[in-house]
Amino acid sequence: MGYWKHPEYAEFITRQPCVDCGGYSGEDNFGTWRCDASHVKTKGSGGGEYNNLIPQCRICHQRFERLSKYKKREYLKLAEQFTSDYFDCILYDQQITSIT
């Protein structure tokens, strides 16, 4: 999965279905369906992980990368919701697998 400051959060994001099409990129070595953890704001532009990651299948992620910065900003509210849901799961000691 690469380098992550918060690997548990990145793991949570990759287990969610794509925010655009509802699909997944494919299965990992353990048979778990995964998406890409896409940064809404790039790391180089100061984007972190919390309030900045959304799950996308590989095809939607590639389309997303071609969007203008203005269009990408529309996804920030989704990223914030994923962060909120993640911490709600931790706070209430629920299993962190997917948002339904």
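Student: Is Asp36 buried or exposed, and at what relative accessibility?

Tutor: This is a predicted model, in which local features need pLDDT of at least 70 and side-chain atom pairs count only at pLDDT 80 or more, while totals for chains, interfaces and linings use all residues. Residues are numbered from 1 along each chain as its sequence is written, and side-chain values use heavy atoms, with hydrogens and water left out. Buried means under 20% relative accessible area and exposed over 50%, with partly exposed in between (1.4 Å probe, protein chains only). Asp36 therefore counts as buried, at a relative accessibility of 12%.

Student: With which side chain does the side chain of Asp36 make a polar contact?

Tutor: A polar contact is a pair of N or O atoms within 3.5 Å; within protein, one must be able to donate a hydrogen and the other to accept it, and residues adjacent in sequence count only if both atoms are side-chain atoms. For the side chain of Asp36, the partner at 2.7 Å is the side chain of Arg58.

Student: Why do the buried residues of helix 2 line one face of the helix?

Tutor: Helices (H or I, at least four residues) and strands (E, at least two) are DSSP runs, numbered from the N terminus. In helix 2, which spans residues 58-65, Cys60, His61 and Phe64 are buried. Seen down the helix axis, with directions taken from the axis to the C-beta atoms, these buried residues line one face because they fall within an arc of 105°.

Student: Which residues are exposed on the other side of helix 2?

Tutor: On that other side, the exposed residues are Ile59 and Arg63.
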